[in-house]
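Dear colleague,

Please find below the structure that I am handing over to you. My notes on what was found in it follow directly after.

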Amino acid sequence: MIRHVLFIQFKPGNLSVDIDIVRILFLDVRNKIEGILDVEWGENNSPEMKNAGYTHCVFMTFLDETARQRYLPHSVHEELKEIFKPLVQDIIVLDYTVVS
């Protein structure tokens, strides 16, 4: 399995409704692209204050490398990025292979 983790810093002044739309689109992607096993969305609530300005996270699990490669150029992903990118101040993307 492959994990695909996004740490997101939204631009100041974004409406919560716009961020909610992005959340819904991310969560729905698993229903539209084969090989995506799970998608989680979270908003930082850590009391440690070590999030460096990143407020949201997307945590995706792909069945395998083939599924990740299917997702990256997929039209559903491209449409999501068109809505998502203008709202983002900064993003960290980290992928890793799950080793048990």
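Which side chain does the side chain of Thr 61 join in a polar contact? The partner is Arg 3, and the polar contact between the two side chains is 2.9 Å. Please bear in mind throughout that this is a predicted model.

Strand S3

Thr 61 belongs to strand S3, which covers residues 56-62. With a relative accessibility of 6%, Thr 61 is buried, because the limit for that class is under 20%. Beyond its neighbours within four places in sequence, Thr 61 touches Met 1, Ile 2 and Arg 3, as well as Gly 35, Ile 36, Leu 37 and Asp 38.

Setting aside neighbours within four places in sequence, Met 60 is in contact with Ile 2, Arg 3, His 4, Val 29, Ile 36, Asp 38, Val 39 and Tyr 71. Val 39 lies 21 residues from Met 60 along the chain, yet their C-alpha atoms are separated by 4.4 Å.

His 56 is a further residue of strand S3. Its relative accessible area is 8%, and His 56 is therefore buried. The side chain of His 56 makes a polar contact of 2.7 Å with the side chain of Thr 55. Apart from neighbours within four places in sequence, the residues in contact with His 56 are Leu 6, Phe 7, Ile 8, Phe 10, Ile 19, Trp 41, Gly 42 and Glu 43.

Helices H1 and H3

Helix H1 comprises residues 16-28 and helix H3 comprises residues 75-84; the two pack at an angle of about 165 degrees, and their axes are 10 Å apart. Because angles over 145 degrees fall in that class, H1 is roughly antiparallel to H3. The crossing of H1 past H3 is left-handed. On the H1 side, Ile 21, Val 22, Leu 25 and Phe 26 take part in the contact, and they meet Leu 80, Ile 83 and Phe 84 of H3. Seven of the residues in this contact are nonpolar, with no polar and no charged residues.

Helix H2

Arg 70 is located in helix H2, residues 65-71. Is Arg 70 buried, exposed or partly exposed? Its relative accessible area is 30%, so Arg 70 is partly exposed. Once neighbours within four places in sequence are left aside, Arg 70 is in contact with Ile 33, Glu 34 and Gly 35. Arg 70 and Asn 44 are 26 residues apart in sequence, and the distance between their C-alpha atoms is 29 Å.

The loop between S2 and S3

Two residues with positive phi remain to be described. Met 49 is in the loop that runs between strand S2 (36-43) and S3. Although Met 49 is not a glycine, its phi is positive, at about 60 degrees. Met 49 has a relative accessible area of 68% and is therefore exposed.

Ala 52 is likewise in the loop between S2 and S3. Ala 52, a residue other than glycine, has a positive phi near 50 degrees. Its relative accessible area is 64%, so Ala 52 is exposed.

Yours sincerely

Methods: Residues are numbered from 1 along each chain as its sequence is written. This is a predicted model: local features need pLDDT of at least 70, side-chain atom pairs count only at pLDDT 80 or more; totals for chains, interfaces and linings use all residues. Side-chain values use heavy atoms; hydrogens and water are left out. Axes are lines fitted to C-alpha atoms, for helices over the stretch in contact, and angles run from 0 to 180 degrees between N-to-C directions. Helices (H or I, at least four residues) and strands (E, at least two) are DSSP runs, numbered from the N terminus. Angles under 35 degrees count as roughly parallel, over 145 as roughly antiparallel, 65 to 115 as roughly perpendicular and the rest as oblique. A crossing is left-handed if the near helix is turned anticlockwise from the far one by less than a right angle, and right-handed if clockwise. Contact means heavy atoms within 4.5 Å. Ala, Val, Leu, Ile, Met, Phe, Trp, Tyr, Cys and Pro count as nonpolar, Asp, Glu, Lys and Arg as charged, and the others, Gly among them, as polar. Buried means under 20% relative accessible area, exposed over 50%, partly exposed in between (1.4 Å probe, protein chains only). A polar contact is a pair of N or O atoms within 3.5 Å; within protein, one must be able to donate a hydrogen and the other to accept it, and residues adjacent in sequence count only if both atoms are side-chain atoms.
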